[in-house]
Amino acid sequence: MSSTGVSLSARQIVSKIIVYAILGIGSIVILLPLQWMISTSLKPLSHVFRFPPEFFPQQVIWQNYPDALTQLPFDLYFRNTLVIVILCLIGEVLVSSVVAYAFARLRWRGRNTLFIIVLATMMLPRQVTLIPEFLIFRELGMIDTFGPLILPSFFGNPFYIFLLRQYFLTHSRELDQAAVIDGCSRFGVFWRITLPMSKPVLAAVAIFSFQFHWNDFFRPLIFLFSDDMYTLALGLRFFQGTFGTEWNSLMAVSLVVMLPLIVVFFFTQKYFIQGVVFTGYK
Amino acid sequence: MSLAFSRFRVSYQRGEVVLAWAMVSPWLVGFLLLTAFPMIASLVISFFEWNLLSPPEFIGLAHYHKLFFIDPLPMHSLKITVLFSLASIPLNIVFGLAIAMLLNTNIRGLAVFRTIYYLPAILSGVAVAILWQWIFSSDFGLLNTALRVFGIEGPAWLGSKIWVLPAFVIMRLWSVGGGMVIYLAGLQAIPTDLYEAAEIDGANWWQRVFRITLPMLSPTIFFQLITGVIFSMQIFTETFIMTDGGPANASLFYLLYLYRQAFQNFKMGYASALAWVFFVAVLLLTLILFATARFWVYYEAESAEENG
C-alpha cells in the first residue's frame, strides 16, 4: 500500500512516527510483566527483596528452576493436566463438529428451535448449574476423579458448536450433493468431505479447548481433593500456599506452567487469531 | 437458492432427519442432563436447607429473604462485581478499539505488534494471578517501581480497600488484545470507499471515526459488550488466589462468596439461591444491553429501511 510512489507529506510522517511511538510504548507495557516474571525467577531470594528492585537480575540463578520444580510432584501434575486437557480436546472437537454438522447441513424439524437453545446456553453462566452438577457426580461416585472434568466435554460445547456451524454454512452444497449422487452416505459426506475441508476452524477449536482446560482452575478446585489427582493449576495454588513469599520460586513455577501455552500460541497463532476473529466478528 | 432446492426444503427426508437427531443427540442429552435438569434442580434446592449430611428441610423463600435482607454480603459482593464490570468492560473496549485503529493505519510490522498485544489474552488462571500478585506488591512490585520512576509513590494495591478493585481492573486490561484482534478484523472489513467518499465531502478525522468507523463496528462492539458482561461478572480465580476476598471483603466478588457457601460451608440450599440470583442479575444486565442496542447498534439492512 505504501509503495504507490506518492511521497508522504511532513504531516503524514509526523503522524506515522506518533503511531509507532504509541504502539512501541504499548508493546513495552504489555511485555514488561513477562520480563519482570523472568527476571524475578532468576534472582536469588535476597535480591528479590532488594530496594529499589532490579529490572534485570544482577546474579542469574538457573538453579531456581530445578529447585522450585522438585518441590512439587511436577511431572505427576503435568501428566494429570495433560490427560484431562487431551481427552477434553478430543471430546469437544469431535462431538461439537458432529452436532454442528446436523445444525448446518441437514434438514429436520426443530433445528432452529434447538439452535436457539444452543445460543442461549452459550450465554448461561455455568455456576447456575454447578451445585446440582456436583451432586449428580457425587451420586455417581465420581468426586475426586477426572470424570466430572472430562465427561461434560463429550456432550459437545455450545460455543464450539456455534463456531463450527458458522464455518460449515460457508461450504458450497454442490460438493455434498455430488458426493451423495456418487453413493456417499450423508455421514460419509461429513466425515470425508466437510471435516477435511474445515481444518482451520477445527484447529481453532482445538486450540481454544486446550487453552481453556489448561488454564481452568474452578472445576478442578471443586471436583478434585487428593493431591495425587491435582492438575498444574491446583498444584500451583498449593505451591503458593506453602511458599507464599518466595517470589523467585513462584515466578519460576508459574512461568513453566504458562510455557506450553505460549509455545502452542507461537506455532498456531494463525489459527488462533482466525478463530477469535470468526467468533467475535459476524 | 434454486427452485428445486426450496421444494426440497419443504419435505424432510426420513433418513436425513434420523441422522440429524442421532448427530445432535450427544449435545441434547448433555443439555438435558447437565443444563436443563440442574437449572430446575438448583431452583428447587434453593427452597431447602441442606448441608449434605442431614436430609433437606423445606424452608420456602427463607434463603431469598436472608440473601436480600439479612446477610449483607451477597448484595455487597454483587455490587462490587457489577462495579468492577462497569469499570473493566468499557476500558477494555476503548483501549482495544484504540490499539486496533492505530494498527489499521498501513503500518509495517503489523503481525509483530498483533502478536505482542494478543499474547496476554491467551494466558489466564492461577499462574497469571500469582504474577499479578507480585506485580502489585507495594514495596518490591513492578507497578510501584515503575510509578517511582515518575516520582509517584503507589498504594498498597491488594492491601488497600480503595485500590484493590482498580488493581483487578488494571490486571484485566493486560489482556486487552483479545478484543483488539476482533476490532482489527472488523476495521479491515469496512469498505474503503466509505472513507474516500467522506474525505471528498471534507469530513475530518473525528467525523470519520464517529460517523463511519464506530457505526460500522457497532455490532462487533455490542457482541464484545455482551460477552464482556458474562466474562467479567464471573471473575473468581484472580480474587481466590490474590486476595481471598480481602481486605475487609473489598474484593469479595460474587462467585467467591458463592463458592464459600457451597463448597466450604456446604450450604447447598443457600448457595443455590445465590446462584439463581446471580443468574437473574447477569440476565438482567444482558437484557438491558439488548434493550439499548436499537439506539446505537447499526445494522445496515435495518437502517436502509428506515432511510428508504
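Chain A first. Its domain assignment gives domain 1, residues 10-63, and domain 2, residues 67-280. Keep in mind that this is a predicted model. The C-alpha centres of the two domains of chain A lie 33 Å apart. How many residues of domain 1 of chain A are in contact with domain 2 of chain A? Eight, and they meet eight residues of domain 2. On the domain 1 side, helix 1 (10-41) and helix 2 (45-48) of chain A each supply at least two of the touching residues. Helix 1 of chain A gives the most, with four residues.

Now chain B. Here the division is domain 1, residues 3-45, and domain 2, residues 69-307. Their centres, taken over C-alpha atoms, are separated by 34 Å.

K66(B) comes next. It sits in helix 3 of chain B, residues 62-70. Along the chain, K66(B) and F48(B) are 18 residues apart.

On to the core. The largest nonpolar core has 141 residues. Which members touch the most other members? From chain A, they are V99(A), L164(A), V205(A) and L236(A). From chain B, they are I130(B), L258(B) and L274(B). Helix 4 of chain A, residues 74-105, contributes the largest share of this core, 14 residues.

Take I130(B) from that list. Leave aside residues up to four places away in sequence. I130(B) then touches L236(A), Q240(A), L250(A) and S254(A) in chain A. In chain B, I130(B) touches I241(B). One of these partners, L236(A), is itself on the list of core members with the most contacts.

Next, a helix pair. Two packed helices are described by the angle between their axes and the distance between the axes. The pair is helix 4 (residues 73-103) and helix 9 (residues 177-188), both of chain B. The angle is about 50°, and the axes are 8 Å apart. Helix 4 of chain B and helix 9 of chain B are therefore oblique to each other. What hand does the crossing of these two helices have? The crossing is right-handed.

Which residues meet there? Helix 4 of chain B brings N92(B), I93(B), G96(B), L97(B), I99(B), A100(B), M101(B) and L103(B). Helix 9 of chain B answers with G179(B), M180(B), Y183(B), L184(B) and L187(B).

Last topic: backbone details in the loops of chain B. Start with N106(B), in the loop between helix 4 and helix 5 (110-122) of chain B. Its phi is near 55°, a positive value in a residue other than glycine. N106(B) counts as exposed, because 10 other C-beta atoms lie within 10 Å and the cut-off for exposed is 12 or fewer.

Then the loop between helix 12 (237-242) and helix 13 (254-264) of chain B, where P247(B) is found. The peptide bond from G246(B) to P247(B) is cis. Its omega is near -10°. A248(B) is placed in the loop between helix 12 and helix 13 of chain B as well. Phi of A248(B) is near 50°, again positive in a residue other than glycine. Is A248(B) buried or exposed? Exposed, because 9 other C-beta atoms lie within 10 Å.

Technical notes:
Residues numbered from 1 in each chain as written. Chains lettered and ligands numbered in written order. Predicted model: local features only at pLDDT ≥ 70, side-chain atom pairs only at ≥ 80, totals over all residues. Core = buried A, V, L, I, M, F, W, Y, C linked by C-beta atoms within 7 Å. Buried ≥ 20, exposed ≤ 12 C-beta atoms within 10 Å, placed from the backbone. Contact = placed C-beta atoms within 7 Å. Domains from an automatic or database assignment. Axes fitted to C-alpha atoms, helices over the stretch in contact; angles between N-to-C directions. Parallel < 35°, antiparallel > 145°, perpendicular 65-115°, else oblique. Left-handed = near helix turned anticlockwise from the far one by under 90°.
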